[in-house]
Amino acid sequence: MKLEIVPDYAELSRRAAEIVIAECRKRPQIVLGLATGATPIGMYRQLVQAYQRGRVSFLRATTFNLDEYYPIAPDHPHSFRRFMHQQLFDQVDLAAERIHFLRGTAADVERECSRYEAELEAVGGIDLQVLGIGENGHIGFNEPGTPFHLKTHKVALTEQTMRANARFFGSLADVPRHALTMGICSIMRSRKILLLASGEKKADALAAALLGPVTEAVPASVLQLHPDVTVIADKAAAQRLA
Ligand code: PGA
């Protein structure tokens, strides 16, 4: 595992974007695994700027997003799909048919999760997966206690995650209670993983994930078992790593 501690969020965003850009240039037909949340917003901004300046193209790239609320309509103002369109998809040259998302309106959840896994398999898996980390150590929506062997599945969000995400919805009552998420097993199959952590609220979770035992109680701790993980943390998030 490679750890880069950077001074602040701006630098974290710049470094993360540089890594994504370098991988996209090495392999234009790259399969990217993408994350939502506040953490990657700066990285997406940097990617859009790099695209506008002609430094990177996503024309041949494929994307899979980690998770989506359930139920939620794709055009709901707070769906992750909408978030991705606003932050990245609508501003770069990604081909619509190579954007993959879990459908928050799927009637048959099991079938939807199998469809996603089959599509992941059909493209040969993810080359570079970007991850944030929850205050409780979750990755994607894999909450503490999620078995490591799970593939894409439906989850009940914990109270803590719903509270953390209420900032986007305005009120706790409006946050969906469930989500569909790629499982730990799906995430661990990615060839390369980039974990981003910013702010002191993430300091305990990051320390537990990187320094503590590998345990399903801290989902991100599984990354200690992956052969190619880069962690970029700003000073505030890294404060308990010393
Ligand atoms: P955040 O969420 O980037 O909004 O802090 C990260 C996560 O919960 O995975």
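Me: What should I know about numbering and confidence first?
Reply: Residues are numbered from 1 along each chain as its sequence is written. The model is predicted, so local features need pLDDT of at least 70 and side-chain atom pairs pLDDT 80 or more, while totals for chains, interfaces and linings use all residues; side-chain values use heavy atoms, without hydrogens and water.

Me: How are strands and their pairing defined?
Reply: Strands (E, at least two residues) and helices (H or I, at least four) are DSSP runs, numbered from the N terminus. Two strands pair if DSSP finds at least two bridges between them.

Me: What is the strand order in the sheet of 7 strands?
Reply: The order is E1-E10-E9-E6-E2-E3-E5. The sheet is open and its pairing is parallel. Strand E1 (2-6) and strand E5 (99-100) are the edges, each pairing on one side only. Inside, 4 bridges join E6 (residues 128-131) to E9 (residues 192-197). Leu 131 has Leu 195 in E9 as its bridge partner.

Me: Is the pairing in the sheet of 3 strands parallel or antiparallel?
Reply: Antiparallel, in an open sheet with the order E4-E8-E7. Its edges are strand E4 (67-70) and strand E7 (153-156). Neighbouring strands are turned by 30° against each other on average, direction ignored. Such angles use axes fitted to C-alpha atoms, for helices over the stretch in contact, and run from 0 to 180 degrees between N-to-C directions. E4 and E8 (residues 178-181) share 4 bridges. Tyr 70 stands opposite His 178 in E8.

Me: Which peptide bond is cis?
Reply: The one from Tyr 70 to Pro 71, with omega near -10°. Pro 71 lies in the loop between E4 and helix H3 (80-87).

Me: Which residues surround the ligand?
Reply: A residue counts as near if one of its heavy atoms lies within 4 Å. Here they are Gly 37, Ala 38, Thr 39, Gly 132, Ile 133, Gly 134, His 138, Arg 167 and Lys 202.

Me: How much of the ligand does the protein bury?
Reply: Areas come from the Shrake-Rupley method with a 1.4 Å probe. Alone, the ligand exposes 280 Å², and the protein buries 85% of that.
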